[in-house]
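Let's take a walk through this structure together. Please have the sequence at hand and the 3D view open as you read.

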Amino acid sequence: MFRNTFQSGFLSILYSIGSKPLQIWDKEVEDGHIKRLPDEDIQSNVLEILGSNVSSTFITCPADPAATLGIKLPFLVMIVKNMKKYFSFEVQVLDDKNVRRRFRASNFQSVTRVKPYICTMPLRLDDGWNQVQFNLSDFTRRAYGTNYTETLRVQVHANCRIRRIYFSDRLYSEEELPPEFKLFLPIQRG
């Protein structure tokens with residue numbers, strides 16, 4: 001999808017305020033919902049993914065199961081809200097041995113497990129909004145001893161609210177981020 005796109009800085013694959021936030025995503029909903037709604041904490045529209053079972057309600061990108069993202073930027077950043085329910089996301093990458101590996105992070109797991117094609121790990125979210133930064137290059141090297149080549153697919157499972165999902169070439173400080181990539185929290189009036 002993005003393989004022939006010049007990639008530097010930031011590459012956004014989901015922005016909740018955009019006209020069609022799920023344009024390149026596929027949706028799977030069973031006993032839950034995926035909808036855009038206003039979030040009172042950040043006073044902005046966000047995408048809510050809620051379901052009774054994390055494995056049966058999710059969004060996946062790209063929408064076409066035969067397509068791949070082809071994103072070479074090594075940092076995945078997600079701005080998500082902790083809904084105090086089970087939540088997980090999964091990233092499929094290609095390494096320099098041409099092997100597809102998956103990384104699954106969830107808030108209901110307590111230990112990291114590395115298997116030949118999947119690495120599952122715990123994810124700790126603070127209350128409210130979180131910026132989850134995932135260094136795919138580092139994880140691929142540490143889990144498999146190989147080098148990260150590109151990201152093929154991203155899946156976000158219930159239960160969360162999402163403001164944005166993007167890739168970047170490095171980690172940026174809050175001051176360096178473009179305004180639309182920051183998570184503005186409204187000023188508390190006393």
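Before we set off, keep in mind that this is a predicted model.

Strand β3, residues 32–39, runs antiparallel to strand β4, residues 44–51, and eight bridges join the two. If you look across from His-33, you will find Leu-50 of β4 standing opposite. The two strands make a hairpin, with four residues between them. In that turn, Gln-43 has a positive phi of about 50 degrees.

From here, follow the contacts to another strand. Cys-160 lies in β13, and it counts as buried because its relative accessibility is 1%, where the cut-off for buried is under 20%. Leaving aside residues up to four places away in sequence, Cys-160 touches Leu-47, Glu-48 and Ile-49, and also Lys-81, Met-83 and Phe-87. Trp-129 is 31 residues from Cys-160 in sequence, while their C-alpha atoms are 9.9 Å apart in space.

Now for the aromatic residues. A pair of aromatic rings is described by the distance of the centres and the angle of the planes. The structure holds eleven aromatic pairs. One of them joins Tyr-166 and Phe-181 in an edge-to-face arrangement, with 4.7 Å from centre to centre and 85 degrees between the planes. Tyr-166 belongs to strand β13 (residues 160–168) and Phe-181 to the segment after β13, so this pair ties together parts that are 15 residues apart in sequence. Both partners are buried: Tyr-166 has a relative accessible area of 2%, and Phe-181 has one of 7%.

Ring pairs link Phe-87 with Phe-89, Phe-103, Phe-134, Phe-139 and Tyr-144. Elsewhere, the charged end of Arg-170 sits over the ring of Tyr-172, at 3.9 Å from the ring centre.

How many cavities of 30 Å³ or more does the count come to? The count comes to one, and the volume of this largest cavity is about 40 Å³. Its lining includes Arg-170 and Tyr-172, along with Tyr-166, the ring partner of Phe-181. Among the other lining residues are Val-77, Gln-131, Gln-133 and Leu-177. Strands β11 (128–135) and β13 each supply at least two residues of this lining.

Conventions:
Residues are numbered from 1 along each chain as its sequence is written. This is a predicted model: local features need pLDDT of at least 70, side-chain atom pairs count only at pLDDT 80 or more; totals for chains, interfaces and linings use all residues. Side-chain values use heavy atoms; hydrogens and water are left out. Rings of Phe, Tyr and Trp (its six-membered ring) pair if their centres lie within 6.5 Å; planes under 30 degrees apart count as stacked, over 60 as edge-to-face and the rest as tilted. Buried means under 20% relative accessible area, exposed over 50%, partly exposed in between (1.4 Å probe, protein chains only). A charge sits over a ring if NZ of Lys or CZ of Arg is within 6 Å of the ring centre and within 35 degrees of the ring normal. Two strands pair if DSSP finds at least two bridges between them. Contact means heavy atoms within 4.5 Å. On a 1 Å grid over the protein atoms alone, a cavity is a set of points where a 1.4 Å probe fits but cannot get out, and a pocket is an open set with protein on both sides within 12 Å along at least five of seven lines; lining residues have an atom within 4 Å of a point. Grid points are joined across faces, edges and corners, and a volume is the space filled by probe spheres set on the points.
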